Amino acid sequence: MRLTAEFTSEPFEGEGAVPSHAERAVEVLRARRLEHDFGPLGTSVEGEAGAVLDALREALAGAFAGGATRITVQIDRADD
């Protein structure tokens with residue numbers, strides 16, 4: 001089964017440098033070589049369910065360690 005996950009970490013810091021919490025989360029996806037889209041309002045990732053769920057746990061932990069105060073997550077099946 002394939003999943004698509006989208007997550008947004010807060011606080012938003014407006015334009016300029018990427019917040020540490022957002023950068024730390026996406027570093028996990030890059031390191032795991034998962035297909036992802038890193039944007040100003042959130043990050044999406046798609047892949048096999050196990051890989052996505054394992055990466056999300058690490059990415060969300062990294063975001064909180066980087067100063068996130070809230071993370072919103074949405075996960076959908078991508079193979080339907």
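View 1. His 21 is buried, having a relative accessible area of 3%, where buried stands for under 20% relative accessible area, exposed for over 50% and partly exposed for the range in between, with a 1.4 Å probe and protein chains only. The model shown is predicted, so local features need pLDDT of at least 70 and side-chain atom pairs count only at pLDDT 80 or more, while totals for chains, interfaces and linings use all residues. Residues are numbered from 1 along each chain as its sequence is written, and side-chain values use heavy atoms, with hydrogens and water left out. The place of His 21 is in helix H1; helices (H or I, at least four residues) and strands (E, at least two) are DSSP runs numbered from the N terminus. Which residues does His 21 touch, if those up to four places away in sequence are not counted? They are Ser 9, Glu 10, Pro 11, Glu 13, Ala 63, Gly 66, Gly 67 and Ala 68, where contact means heavy atoms within 4.5 Å.

View 2. Four strands make up an open sheet in the order E2-E3-E1-E4, and their pairing is antiparallel; two strands are said to pair if DSSP finds at least two bridges between them. Strand E2 (35–39) and strand E4 (70–77) are the edge strands, each of which pairs on one side only. On average, and with direction ignored, neighbouring strands of this sheet are turned by 15° against each other; axes are lines fitted to C-alpha atoms, for helices over the stretch in contact, and angles run from 0 to 180 degrees between N-to-C directions.

View 3. Strand E1 (residues 2–10) and strand E3 (residues 42–48) run antiparallel and are joined by 6 bridges. Along this pairing, Leu 3 has Gly 47 in E3 as its bridge partner, and Phe 7 has Thr 43 in E3. E1 also pairs with E4 in the antiparallel sense, over 8 bridges, and here Ser 9 stands opposite Ile 71 in E4.

**View 4. Arg 30 on helix H1.** The place of Arg 30 is in helix H1, and at 40% relative accessibility this residue counts as partly exposed. Leaving aside neighbours within four places in sequence, Arg 30 is in contact with Glu 23, His 36 and Phe 38. The C-alpha atoms of Arg 30 and Thr 43 are separated by 12 Å, and these two residues are 13 residues apart along the chain.

**View 5. Salt bridges between parts of the chain.** The structure holds 5 salt bridges, each being a side-chain nitrogen of Lys or Arg within 4 Å of a carboxyl oxygen of Asp or Glu. Side chains of opposite charge can pair when their charged atoms come close. One of these salt bridges joins Glu 46 to Arg 2, with the closest N and O atoms 3.6 Å apart; this pair links distant parts of the chain, since Glu 46 is in strand E3 and Arg 2 in strand E1, 44 residues apart. Arg 2 also forms a salt bridge with Glu 48, in which the closest N and O atoms are 3.5 Å apart. Because Arg 2 lies in strand E1 and Glu 48 in strand E3, the pair ties together parts that are 46 residues apart in sequence. Another salt bridge, between Glu 58 and Arg 32, has its closest N and O atoms 2.6 Å apart, and it links Glu 58 in helix H2 with Arg 32 in the loop between H1 and E2, 26 residues away in the chain. Salt bridges that share partners join Arg 2, Glu 46 and Glu 48 into one network.
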